[in-house]
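Here is a short briefing to read alongside the model. Take a look at the sequence and structure first, and then we can go through the contacts and the pocket together.

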Amino acid sequence: MAISVCEVSITQSPLDLPARENNAAAGAIVDFWGVVRGLEDGKEITGIDYEAHAPMAEHQMRSLAESATGKFGLTKVIIHHRIGFVPAAAASIVVRVESPRRSAAFSASQWIMDELKRTVPIWKHPVFKDKTTAGESTDQKLQRSWDSSSART
């Protein structure tokens, strides 16, 4: 059985991938960079403010990486996600998968992104050019909830 390596991180710094290592078991390496688009729902944005419960998000990302390793026979999985304000045209996520076969590497990369968006507690708040945001932050939602429950007592 191949030794798998899973590396995950949540960071506020711009993203980068480590240099590729010589891995004779990896016949395919797929790097995916998720970049902030300049439009959200047809409106121009300056970027996206990402927030996360970092320990929980990293735990979920690690679980996802380990699941992908077993499901697709990967030899390496790297997932780095940026939080805080990420300007348009900058990367918010980078995923690297290494596999003996290209079909598994491509399939795993897509599966990881689909599952990450579905299961990892990272929320995005687009910042529009007119300085408005889409939706409330978690702190704002909690404050509103607190305010409404306090008003009832």
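How much space lies in the largest pocket? The answer is about 400 Å³, where a volume is the space filled by probe spheres set on grid points joined across faces, edges and corners. Please keep in mind that this is a predicted model, in which local features need pLDDT of at least 70, side-chain atom pairs count only at pLDDT 80 or more, and totals for chains, interfaces and linings use all residues. Residues are numbered from 1 along each chain as its sequence is written, and side-chain values use heavy atoms, with hydrogens and water left out.

**The largest pocket**

- A pocket here is an open set of points on a 1 Å grid over the protein atoms alone, where a 1.4 Å probe fits, with protein on both sides within 12 Å along at least five of seven lines; lining residues have an atom within 4 Å of a point.
- The lining comprises 19 residues, and Tyr50, His81, Ser92, Lys117 and Lys124 lie nearest the centre.
- Strand 2, strand 3, strand 4 (43-52), strand 7, helix 2 (102-119) and strand 8 each give two or more residues to this lining; helices (H or I, at least four residues) and strands (E, at least two) are DSSP runs, numbered from the N terminus.
- Sorted by class, the lining has twelve nonpolar, three polar and four charged residues; Ala, Val, Leu, Ile, Met, Phe, Trp, Tyr, Cys and Pro count as nonpolar, Asp, Glu, Lys and Arg as charged, and the others, Gly among them, as polar.

**Salt bridges**

- The structure holds five salt bridges, each a side-chain nitrogen of Lys or Arg within 4 Å of a carboxyl oxygen of Asp or Glu.
- One of them joins Glu21 and Lys76 at 3.3 Å, N to O. Glu21 lies in the loop between strand 1 (5-11) and strand 2 (28-35) and Lys76 in strand 5 (residues 76-82), so the pair ties together parts 55 residues apart in sequence.
- Glu21 is exposed, at 53% relative accessible area, whereas Lys76 is buried, at 12% (buried is under 20%, exposed over 50%, partly exposed in between, with a 1.4 Å probe and protein chains only).
- Arg96 and Asp31 meet at 2.7 Å, N to O, linking strand 7 (residues 91-99) with strand 2 across 65 residues.
- Arg96 is buried at 5%, and Asp31 is partly exposed at 33%.

**A charge over a ring**

- Lys43 lies over the face of Phe128, 4.4 Å from the ring centre; the rule asks for NZ of Lys or CZ of Arg within 6 Å of the ring centre and within 35 degrees of the ring normal.
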